[in-house]
Amino acid sequence: MIRPLLLISLALACSCQNRSSNESAATQSTSPSVAPDTLCFQQIMGRDTTTLRLITHEATATGFLDINPYEKDRAKGSIQGTVKGNQIQATWDRSGEGVTQRHALDFTLKADAITWYEGERVEKQGVWVLKEPNKGYAYVLTKTDCP
């Protein structure tokens, strides 16, 4: 009578130990996902306003850029890109004057701002790129609270 109880007890102890070690291994193999980070930036110069809402998640960035110069044509559209350190290489589906064009943008994230250059562009394989990538007008948008 004692022998069957002893065997059952040993079997239960082994199965519980195997289950907890399997659960432990499963817990260790899955790393927690990093939550997306939403950042908002704005530049106001006189009556001209530029806003950028950027959502970063691991190595990807998405968002919306709106350049709204006073009494001039507005340009706005969605952003998609990749994040590497403080650099974001993105494309902007720029809509303005009834036309949508894809523009390449190279953002630099700083502690309290985001910057990029704008200037003369040429079309390469359906994307408008800067003729001189690190020259031209430097947009500097300051970090703000997101609405």
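Leaving out neighbours within four places in sequence, L39 is in contact (heavy atoms within 4.5 Å) with L52, R53, L54, L109, K143 and C146. This is a predicted model, in which local features need pLDDT of at least 70 and side-chain atom pairs count only at pLDDT 80 or more, while totals for chains, interfaces and linings use all residues. Residues are numbered from 1 along each chain as its sequence is written, and side-chain values use heavy atoms, with hydrogens and water left out.

L39 belongs to strand β1, residues 37-45; helices (H or I, at least four residues) and strands (E, at least two) are DSSP runs, numbered from the N terminus. Among the contacts of L39 is C146. L39 and C146 lie 107 residues apart along the chain, yet their C-alpha atoms are separated by 6.9 Å. A second residue, T115, is found in strand β7, residues 113-118. Not counting residues up to four places away in sequence, T115 touches D106, F107, T108, K110, Y139 and V140.

Are L39 and T115 buried or exposed? A residue is called buried under 20% relative accessible area, exposed over 50%, and partly exposed in between (1.4 Å probe, protein chains only). L39 is buried because its relative accessible area is 12%, and T115 is buried because its value is 15%.

**Strands β2, β3 and β4**

Two strands pair if DSSP finds at least two bridges between them. Strand β3 pairs with β2 and is also joined to β4, as the table sets out.

| Strands | Residues | Sense | Bridges |
|---|---|---|---|
| β2 and β3 | 48-57 and 60-68 | antiparallel | nine |
| β3 and β4 | 60-68 and 75-84 | antiparallel | eight |

T60 of β3 is the bridge partner of H57, and T60 also has T82 in β4 as a bridge partner. Two residues lie between the strands in the hairpin of β2 and β3, where E58 takes a positive phi near 55 degrees. The hairpin of β3 and β4 has six residues between its strands, and E71 in that turn has a positive phi of about 55 degrees.

**The protein as a whole**

Of its 147 residues, 26% are buried. Among contacts with a separation of 6 or more, 31% are between residues 24 or more positions apart. The accessible surface, from the Shrake-Rupley method with a 1.4 Å probe, comes to about 10,300 Å², and 55% of that surface belongs to carbon and sulfur atoms.
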